[in-house]
Amino acid sequence: MGIAKIKKVAVIGGGTVGPGIAHSYAQGECEVCLCDISEEAIDRARSVVEVNLQTLVENHMLAASDVEGVKKRISYGTQLEEAVIQADLVVECITENLTLKGDLFRQLDEICPEQTLFASNTSYLNIFQVMPERRLSNTVIAHWFAPPHIIPLVEVVKGPKSSDATVEVVMEMLKALGKIPVLIERYVPGFAINRILRILGRETFFLLDNGYITAEQLDLAVKASLAPRMMLLGLVQRYDFTGLDLSARNLENPDYLEPPIDNRPRSLFDLVEKGHLGVKTGKGFFDYTDQPLEETLRQRDDKLLKILQSTDFCFKEKIGK
């Protein structure tokens, strides 16, 4: 199946990223059905799509005249068979539970046409273990990042039996949506970015737990150094500019100790135990209680769009080969 034949997309799961993924495919001229077992989730998804489209219009990323067309290309429902019976591509976005995903894939295997492609949005699970054998050649992981209608990256993970044709179609389809797909040649838990975030988290909580720096000062330090430099050099190329000899010596430095492995850092778990879970509850490391959640998310999205618009050249222009 070529990219031109991806006309009908089913997105299964209307939670955190499902609405943004559905909206992205609809904006790319696909007919999309967003399916969830919960009517409440469907209602929320409709509202999220409305807000997302308005945000793009306000930031001149979408013409106001195109909004109705995008909305008309998205249908919503709670019946799985109706959602996927004619789907060219099924995007799985349900709860991160391998048993539940396996149950869903077996249902999809019974309903979907032979040529249907499958893309799981799991952030770390090995879904290739629970996908029916005959569907493995048509299956990849395609991991989007929140907010999915704004963040360009999609990690595409090739399974042990994923066909080259499937990988190529999914990659090209994502590019056609304006995304930046990055291919991961074989499965590793957490893929690339979440593995890096895990390591960053360990060091972050070590510094906070031991009182070396406050949350505000640490975020400021990162925004004023790593963040802008990463936009240009990423992670690996930075070593070339530091000097590989100096980088090698840094790794061998016995005075520079790694933080101990601590899977219950105080700075994090104290907040969790108090019910402060971040923006969704109004408090986390920072306080967001001065405005509704929707306004907090709108401000985040507006600022992210401004950053991406001003740094777009970093994705197109490189230093070196």
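This is a predicted model: local features need pLDDT of at least 70, side-chain atom pairs count only at pLDDT 80 or more; totals for chains, interfaces and linings use all residues.

Residues are numbered from 1 along each chain as its sequence is written, and side-chain values use heavy atoms, with hydrogens and water left out.

Next select Arg298, which is placed in helix H13 (residues 293-310); helices (H or I, at least four residues) and strands (E, at least two) are DSSP runs, numbered from the N terminus. Arg298 is partly exposed at a relative accessible area of 28%, where buried means under 20% relative accessible area, exposed over 50%, and partly exposed in between (1.4 Å probe, protein chains only).

**Backbone stops**

Most residues other than glycine have a negative phi, and most peptide bonds are trans. With that in mind, select Glu29, a non-glycine residue whose phi is positive, at about 80°. Glu29 sits in the loop between helix H1 (18-27) and strand E2 (31-35), and it is exposed, with 55% relative accessibility. Move on to His60, where phi is again positive, near 60°, in a residue other than glycine. The loop between H2 and helix H3 (67-72) holds His60, which counts as exposed at 74% relative accessibility. Then display the peptide bond between Ala146 and Pro147, which is cis, with omega at about -5°; Pro147 belongs to the loop between strand E6 (139-144) and strand E7 (153-158).

**Salt bridges**

How many salt bridges does a search of the whole structure find? The search returns 19, a salt bridge being a side-chain nitrogen of Lys or Arg within 4 Å of a carboxyl oxygen of Asp or Glu. Select Arg46 and Asp43, whose side chains form one of them at 3.5 Å, N to O. Arg46 and Asp43 are about one helical turn from each other, because they are three residues apart in helix H2 (residues 39-58). Both are partly exposed, Arg46 at 38% relative accessibility and Asp43 at 44%.

Continue to Lys158 and Asp164, which meet in a salt bridge at 2.7 Å, N to O; Asp164 is exposed, at 57% relative accessibility. At Arg300 and Asp301 the closest N and O atoms of the salt bridge are 2.9 Å apart. Here Arg300 is partly exposed at 36% relative accessibility, while Asp301 is buried at 4%. Finally, show Asp109, Glu114, Arg134 and Arg135 together, as salt bridges with shared partners join these residues into one network.

**Aromatic rings**

Four aromatic pairs are found in a search of the whole structure; rings of Phe, Tyr and Trp (its six-membered ring) pair if their centres lie within 6.5 Å, and planes under 30 degrees apart count as stacked, over 60 as edge-to-face and the rest as tilted. Among the pairs is that of Tyr187 and Phe191, edge-to-face with 6.1 Å from centre to centre and 75° between the planes. Is Phe191 buried or exposed? Phe191 is buried, at 2% relative accessible area, whereas Tyr187 is partly exposed at 23%.

Another pair to select is Phe206 and Tyr212, which counts as tilted because the ring planes are at 40°, with the centres 5.7 Å apart. Phe206 is partly exposed at 25% relative accessibility, and Tyr212 is exposed at 56%.

**A nonpolar surface patch**

For the last stop, show the surface of Ile196, Leu197, Leu200, Val222, Leu226, Met230, Leu235 and Val236, which make a nonpolar patch of about 650 Å². Patches are made of residues with over 30% relative accessible area and no salt bridge, like charges being joined within 9 Å and nonpolar side chains (Val, Leu, Ile, Met, Phe, Trp, Tyr) within 5 Å; accessible areas come from the Shrake-Rupley method with a 1.4 Å probe, and for residues only the protein chains shown count as cover. Helix H7 (193-209) and helix H9 (226-233) each provide at least two of the patch residues, and H7 gives the largest share, three residues. Met230, in helix H9, is partly exposed at 36% relative accessible area.
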